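I open this entry to record strand pairing and charged side-chain contacts. The sequence and structure follow.

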Amino acid sequence: MITADQCLSPHVAMAQRDHVRLEWRKPYRTPDRVRPMAWTCLCRTTIYELCSGGGQAFIRRTVQLDGDATVHESPRWPVNEARTIWTALLSGGVR
């Protein structure tokens, strides 16, 4: 278990009142060359990763409960658009 003083990665802010909901889907069959570019701290139950591959990017959401992990992914976007959405996720503007 990671304690608050050991956190190195960012945490997702609480959802803002007017936040936009992302469409979460079961994972796609992803290309072999997908790699995480950024991620949130592992100290939370829900972990987000900004992933890139094949000229596109998406956000992967992993919810870890009782030793079981459920993974969902956002739609694919151009990399720059995905980075903008990632920033909005971290600040509570999307969920």
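Which residue in strand 4 does R60 stand opposite? I find that R60 stands opposite E73.

I note that the model is predicted, that local features need pLDDT of at least 70 and side-chain atom pairs pLDDT 80 or more, while totals for chains, interfaces and linings use all residues. Residues are numbered from 1 along each chain as its sequence is written, and side-chain values use heavy atoms, without hydrogens and water.

Strands. I take strands as DSSP runs of E of at least two residues, numbered from the N terminus, and count two as paired if DSSP finds at least two bridges between them. Strand 3 (residues 56-65) pairs antiparallel with strand 2 (residues 46-53) over 8 bridges. Strand 3 also runs antiparallel to strand 4 (residues 68-73), joined by 6 bridges. I see a hairpin with 2 residues between strand 3 and strand 4, where D66 in the turn has a positive phi of about 50°.

Salt bridges. I apply the rule of a Lys or Arg side-chain nitrogen within 4 Å of an Asp or Glu carboxyl oxygen; the count comes to 4. R60 meets E49 at 3.7 Å, N to O. R60 lies in strand 3 and E49 in strand 2, so this pair ties together parts 11 residues apart in sequence. R60 also bridges to E73, with the closest N and O atoms 3.3 Å apart.

Burial. I call residues buried under 20% relative accessible area, exposed over 50% and partly exposed in between (1.4 Å probe, protein chains only). R60 and E49 are both buried. E73 is buried at 2%, whereas R76, its salt-bridge partner at 3.1 Å, is partly exposed at 22%. I record E49, R60, E73 and R76 as a linked network of salt bridges.

Definitions and conventions. Helices (H or I, at least four residues) and strands (E, at least two) are DSSP runs, numbered from the N terminus.
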